[in-house]
Amino acid sequence: MERVGCFQFVAEPYLMDCRGRVTMPMVGNYLMHAASGHAGARGFGYSEMTERHTAWVLSRLAIEMKAYPKAYDRIKLYTWIDEVGRLFTSRCFELMDEEGNTYGYARSIWAAIDMQSRRPTLLDIEALSPYIDPRPCPIEKPGKIQPVEERTEGVPYAIKYSDLDINGHFNSVKYIEHLLDLFDIEQFMRQEIGRLEIAYMAEGKPGMPLALHKEEIASGHYGMAICSEGKALCRAAVTWR
């Protein structure tokens, strides 16, 4: 089987934002769909992991967009594994239009956890390694994100039904959605998000009291966090252009 997977989408109008473009959270959904489909077709998807009482969890994600698809644009999304270690594997993505022009790239880091203990489990390096591909992904790898939660006042939020994933936890794309809602609509009308990076640090569960934090660290560059009782569930960095 091919090491690089290709998934195709149409940017439907009902998925557009008020500017008529695909949103960053929707890009995140495309990435999750492709990651799940690529893994499933190669024997380490949701069903196979569930049989082993394990599950994939997203640890870090970095997305860089040059342009955003508009209504009815046809999107080709390529995904491949570029590194496999004992506890983490790295997956890359490239989003392109029909003519082969690149919308953007993404890098992600995943771990497998035991579904009962919620502790990391060792990856099957031998089984995953044949799918490693040298296709380039020319963006910075996810790095350390500066904490801002101790210097800012958080906006309270309660996890709701629509925030939950199949495991009953805060959906990874919903983290992004709620953090971006901290920006004024006018900012989205004037600028584009060039890079978003997020580090997932703990699972969000129903009933958790949350606080959403945002601070402008430099012109156009923001540090962000979602916390519960002083503990960061995630930290993010957003750069506008």
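## A walk through the rings, cores and pocket

Searching the whole structure turns up nine aromatic pairs. Start with one of them: select Phe183 and Phe188, whose ring centres are 6.5 Å apart and whose planes meet at 85°, so this pair counts as edge-to-face. Keep in mind as you look around that this is a predicted model.

Are they buried or exposed? Phe183 and Phe188 are both buried.

**Next, select Arg135, Tyr78 and Trp80.** Here you can see a charge over rings. The charged end of Arg135 sits over the ring of Tyr78, 4.6 Å from its centre. Arg135 also lies over the face of Trp80, with 5.1 Å to the ring centre.

**Then go to the largest nonpolar core.** In soluble globular proteins, nonpolar side chains tend to be buried together. The largest nonpolar core in this model has 50 residues, and the ones that touch the most other members are Met24, Leu31, Leu180, Ile193, Ile198 and Ile226. Which helix gives this core its largest share? Colour helix α1, residues 24–41, and you have it: eight residues of the core come from there.

Zoom in on Met24 and show its neighbours. Leaving aside residues up to four places away in sequence, Met24 touches Ile63, Met65, Tyr68, Ile176, Leu180, Ile193 and Leu196. Another core, of nine residues, lies apart from the largest one; select Ile81, Val84, Ala112 and Leu128, which are among its members.

Which elements supply the lining? Those giving at least two residues each include α1, α2 (46–51), β2 (54–65), β4 (88–96), β5 (102–114) and α4 (172–180).

**Last stop: Thr121.** You will find Thr121 in the loop between β5 and α3 (125–128). Its relative accessible area is 19%, and the cut-off for buried is under 20%, so Thr121 counts as buried. What surrounds it? Not counting residues up to four places away in sequence, Thr121 touches Thr54, Arg86, Leu87, Ala112, Ile113 and Asp114.

Methods:
Residues numbered from 1 in each chain as written. Predicted model: local features only at pLDDT ≥ 70, side-chain atom pairs only at ≥ 80, totals over all residues. Heavy atoms only, no water. Phe/Tyr/Trp six-rings, centres within 6.5 Å; stacked < 30°, edge-to-face > 60°. Buried < 20%, exposed > 50% of the residue type's maximum accessible area, 1.4 Å probe, protein only. Lys NZ or Arg CZ within 6 Å of the ring centre and 35° of its normal. Core = buried A, V, L, I, M, F, W, Y, C linked by side-chain atoms within 4.5 Å. Helix = DSSP H or I, 4+ residues; strand = E, 2+ residues; numbered from the N terminus. Contact = heavy atoms within 4.5 Å.
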